[in-house]
Amino acid sequence: MADLLNSPQTSGKSASPRSAAEVEALVREHLPLVGYIARETSSRLPRHLDSDDLTGAGALALVQAAQSFDPSLGVPFARFANTRIRGAMIDQMRQRDWATRSLRSRARALAVTSEALTVALGRTPVDSELAAASGLTESEIGEIRGGQDRASLLSLDSFTPEGEGLAATLRDPAPQPEDALVAAERVGYLRDAIAELPDRLRLVVSGYYLEGRPLTELATELNVTQSRVSQLRAEGLELLREALSRLLEADAKAGAGAVGQPTQGARGRRRDAYVDAVARRSTLSSRVDVGRYLSSASDVDARL
C-alpha cells in the first residue's frame, strides 16, 4: 500500500495538501468500494480480462482520488472516488479490448433485439427475422458476429477444475527428439544411397522423385524411350531398397558398416559393391544431422 501511495503515477496536486497518513486513511476506509465496483462491472468484462485487472486499475484510481480530493467542493469523497474508479475500470477494459467501440455498440444493440425476439417468438430467431427487426442486412449481422469472434481472446491457462484448458488441446507438430534422430538417420542413408547410384539411374530417380520432372522429359534428355526410363527408375528404386534394408538391418544388429553376407552371381556382386559404397560414404555424424533433416523437411512442407 505504501509503494502504491508513493508511486510517481499516483502523485497529483491537491487543492488542499494532505499528509500521506491522511491519504492512506482515506484509501483504507474506501478500499472495499473498489471490490464492489469491480464485481458490478465484471458483467461487461471481456473474456480475456479478469476481475484482478479491474481491481488493480480501480485501486490506483482510488489513491489518485484520495490525493486530489478537495472537500471544499461539498462532494462526498465516496461519490468522488466512485466516479474516478468506474472511469479507470472502463478505460482499462477499452485499452485491452481488440474490438472497436462501434462494433461493441452494434453488437449490444443486436443482442437486445435478439433477446426481445426470443421472448416474443418463444424461440431463437433466425437471421432473416433478426435482420428485419434490427434494420440490418443478414450480411451485416454476419460481419458483426465475425468481428466479435475475432476480438475474443482465450487464455491458454486452465479454466476447468480438471485442468483441461485451451493449452491442453494444443499439440506440437514437430517430431520428438528420438523420432527426429531415427528419421534423420534414414534420410541420411537415403541421401547417400542416391548419391552412389550409377549416373543414369541417379538422374532418373532424382529427376522424377525429387525434382518432379516427367518421364517424357527425362527420356528426351537421355535420348531413350519412355519405357526405358521406366526401367531405369525401377532399377534405381530396387538398388535403393536393397541398400537401405541391408544397412538399416545391419545397424540394428551389429552397428554401422556391417552389411550382411555377400550374395552370389555377377548381379549380386554389383549390388554388394553398391551397398559397400553407400556404407563407406555414409558416416554416423552425417546421417544423424537432425538440423539438416528438419530443415529439409521444412522445405518440403513449404513446397507442398
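Tutor: Buried means under 20% relative accessible area, exposed over 50%, and partly exposed in between (1.4 Å probe, protein chains only). The model is predicted, so local features need pLDDT of at least 70 and side-chain atom pairs count only at pLDDT 80 or more, while totals for chains, interfaces and linings use all residues. Residues are numbered from 1 along each chain as its sequence is written, and side-chain values use heavy atoms, with hydrogens and water left out.

Student: Why is the pair of tyrosine 208 and tyrosine 209 given its class?

Tutor: Rings of Phe, Tyr and Trp (its six-membered ring) pair if their centres lie within 6.5 Å; planes under 30 degrees apart count as stacked, over 60 as edge-to-face and the rest as tilted. Here the centres are 4.9 Å apart and the planes stand at 85°, so the pair of tyrosine 208 and tyrosine 209 is edge-to-face.

Student: Which residues do ring pairs link into a cluster?

Tutor: The structure holds 3 aromatic pairs. One of them, edge-to-face, joins phenylalanine 69 and phenylalanine 77, at 5.1 Å centre to centre with 75° between the planes. Both phenylalanine 69 and phenylalanine 77 are buried. The cluster linked by ring pairs consists of Phe69, Phe77 and Phe80.
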